[in-house]
Amino acid sequence: MILITRPKNESLRLKKRFDKQGFDSVIDSLSSFHSVSVKSLNAKNNVILTSSPRATQILIDKKYISTSTPLLVIGGSSLKKLRSAGYRKIIHTALNSKEMFSYLKKNKMKVTKESTRKIIYCTSSVGNNIFQKKLETFGAKKIIIYKTLFKKKLNLKTVNLIKKKEIKICVVFSKANADHLVKLLGKHKLSQISKNIKIIGLSRDISNVFSNAGFRNCYSVKKPSLRNIIIKTRQLYVL
């Protein structure tokens, strides 16, 4: 059985995909999200950096940015959303935060037009702290546009399935959820019994959270996408 830890709506969509593949799965959403009111991003005179599909969707839905706003984008999903919504002034797209930072190190003056405009990083209340600190070296400003709320305990059904060793695979899409799941497993005294669960992370940074916690079977996809997560799951799934 596969444990899906994404927020509710995303989990339901992924479960439907797994159902079509004939995979048995259960949902235990570890987090939920709420958008935050933002007065102004001053997007007209700055460069907006978005690093998640959720932040990107909020920027579009709330009309915080115009289609002429210069953008830095992390992730193919965010890029697809922006293009579908008519945004074309995309300076650069990177697969992950490390790749984006590498690009900015080489092209800071070009991106900021000789420091006449700032990089505005739109993110969650729970973000990539290492990446944020690196961005600060460029004078970037962080603006929280949504809050992440974590659940305090796992569902009883999830706890029982882990105790019975029926959860064989767990898919995790964010480092914050990875950290929180490790914490909850410890809280429920499931740390040891869960160590043989096959972990599939959307990135190596995510799977490394579990490797560092002692999990024995940790995997990640080379290119972060839902399609690649499903392909990797198919490779590892055992009835």
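## Packing of helix α2

The buried residues of α2 pack against β3, β4 (47-50), α3 (76-84), β7 and β8, where contact means heavy atoms within 4.5 Å. In helix α2 (residues 53-61) these buried residues are Ala55, Thr56, Ile58, Leu59 and Ile60, buried meaning under 20% relative accessible area with a 1.4 Å probe and protein chains only. Helices (H or I, at least four residues) and strands (E, at least two) are DSSP runs, numbered from the N terminus. Just after α2, Lys63 takes a positive phi of about 55 degrees.

This is a predicted model, in which local features need pLDDT of at least 70 and side-chain atom pairs count only at pLDDT 80 or more, while totals for chains, interfaces and linings use all residues. Residues are numbered from 1 along each chain as its sequence is written, and side-chain values use heavy atoms, with hydrogens and water left out.

## The open sheet

An open sheet of 6 strands runs in the order β3-β8-β7-β4-β5-β6, with mixed pairing; two strands pair if DSSP finds at least two bridges between them. Because β3 (31-35) and β6 (90-94) stand at the edges with a single partner strand each, one side of each is left without a neighbour in the sheet.

Strand β7 (residues 119-124) pairs with strand β8 (residues 141-150) in the parallel sense over 5 bridges, and Cys122 has Ile143 in β8 as its bridge partner.

## Cysteines

Cys122 counts as buried, at 0% relative accessibility. The count comes to 0 disulfides, a disulfide being a pair of cysteine sulfur atoms within 2.5 Å. Cys170 is in no disulfide, and the nearest cysteine sulfur, that of Cys218, is 10 Å away; Cys170 is also buried, with a relative accessible area of 2%.

How values were computed. Buried means under 20% relative accessible area, exposed over 50%, partly exposed in between (1.4 Å probe, protein chains only).
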